[in-house]
Amino acid sequence: MPLGKGKTLIIKNARLLGSCAFPALDDDAVILLQIDRPIKLRDKTMKKIILLAALALNTVAAHAEWTKIDYSSNEVTLYIDRSTSEKSGPKMVLLWHIADYATPQEIQGKAFKSIKFRQEYNCDKRLFRDMLRSWHKEAMGNSITVTWTHGPWGWTAPEAGSADEALVRAACSK
């Protein structure tokens, strides 16, 4: 939504969670933005902070090393970014993925073509859980975020032959 003269965008109790790689920062650098009060974007400093946060979300897609996952579907193509792999426990890993849809989908009345998500996998028990999901207007998560959610949610066993099973298999393979 463009902000015109006299318009104010107010964000209440928003949190941007996650780590994003910036070429100018160390590999271990983490950008974390937490906003605990209403913010008016007329404030130049806050405009810069919000812009930096938006760029941080898109950096994951822009600098990722997306590899297509072996999954047969005419509706969705799955990708994994192994460069984001983090060990989170014994036989457990966190990874970023993208689900890229052939046709526009809808969530909360808003159209999207891709979902960028971070999941944690228990490779020993073959379980997964969502940590963060962001729905994007265009393919490969390369556009504005339509909506997003963050967890963690409960552990789930994937159904046989499902996209989730393909993601568990890809995440837990060497």
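Accessible areas here come from the Shrake-Rupley method with a 1.4 Å probe. On that basis, the protein chain of this predicted model exposes about 10,900 Å², and carbon and sulfur atoms supply 52% of that area.

**Overall picture**

The chain has 174 residues, of which 37% are buried. Its secondary structure comes to two helices and 10 strands, and, read from the N terminus, the elements follow the order β-β-β-β-α-β-β-β-β-β-β-α. When contacts between residues at least 6 apart in sequence are considered, 48% of them join residues at least 24 apart.

The confidence of the prediction should be kept in mind while reading the model. The average pLDDT of the protein chain is 75, and 63% of the residues score at least 70. Over residues 1-37 the pLDDT stays under 50, and for this stretch the model has 57 contacts beyond four places in sequence. Residues 55-61 also have a pLDDT that stays under 50, with 24 contacts beyond four places in sequence.

**The nonpolar cores**

The largest nonpolar core contains 22 residues, and those with the most contacts inside it are Ile69, Leu78 and Tyr121. Two or more residues of this core come from each of β6 (76-89), β7 (92-107), β8 (110-122), β9 (127-136) and α2 (163-172). Helix α2 gives the most, with six residues. Apart from this core lies another one, of seven residues, which include Trp66, Tyr79, Leu132 and Met140.

In α2, the residues Ala166, Leu167, Val168, Ala170, Ala171 and Cys172 are buried, and the cover over the buried residues of this helix includes β6, β7, β8 and β9.

Tyr121 is found in strand β8, and, because its relative accessible area is 0%, Tyr121 counts as buried. Not counting residues up to four places away in sequence, Tyr121 touches a list of residues that includes Val93, His97, Phe128, Trp155, Leu167 and Cys172. Although Tyr121 and Val93 are 28 residues apart in sequence, their C-alpha atoms are 5.3 Å apart in space. The side chains of Tyr121 and Gln119 are joined by a polar contact of 2.5 Å.

Arg118 also lies in strand β8, and this residue counts as buried because its relative accessibility is 10%, the cut-off for buried being under 20%. Leaving aside neighbours within four places in sequence, Arg118 is in contact with residues that include Glu86, Trp96, Arg129 and Asp130.

**An aromatic pair**

The count of aromatic pairs comes to one. Tyr101 and Phe112 form this pair, which is edge-to-face, with 5.8 Å from centre to centre and 90 degrees between the planes. The pair links distant parts of the chain, since Tyr101 is in strand β7 and Phe112 is in strand β8, 11 residues apart. Tyr101 is partly exposed, whereas Phe112 counts as buried.

| Residue | Relative accessible area | Class |
|---|---|---|
| Tyr121 | 0% | buried |
| Phe112 | 5% | buried |
| Arg118 | 10% | buried |
| Tyr101 | 22% | partly exposed |

Notes
Residues numbered from 1 in each chain as written. Predicted model: local features only at pLDDT ≥ 70, side-chain atom pairs only at ≥ 80, totals over all residues. Heavy atoms only, no water. Core = buried A, V, L, I, M, F, W, Y, C linked by side-chain atoms within 4.5 Å. Buried < 20%, exposed > 50% of the residue type's maximum accessible area, 1.4 Å probe, protein only. Helix = DSSP H or I, 4+ residues; strand = E, 2+ residues; numbered from the N terminus. Contact = heavy atoms within 4.5 Å. Polar contact = N/O pair within 3.5 Å; in protein donor to acceptor, adjacent residues only side chain to side chain. pLDDT = per-residue confidence, 0-100. Phe/Tyr/Trp six-rings, centres within 6.5 Å; stacked < 30°, edge-to-face > 60°.
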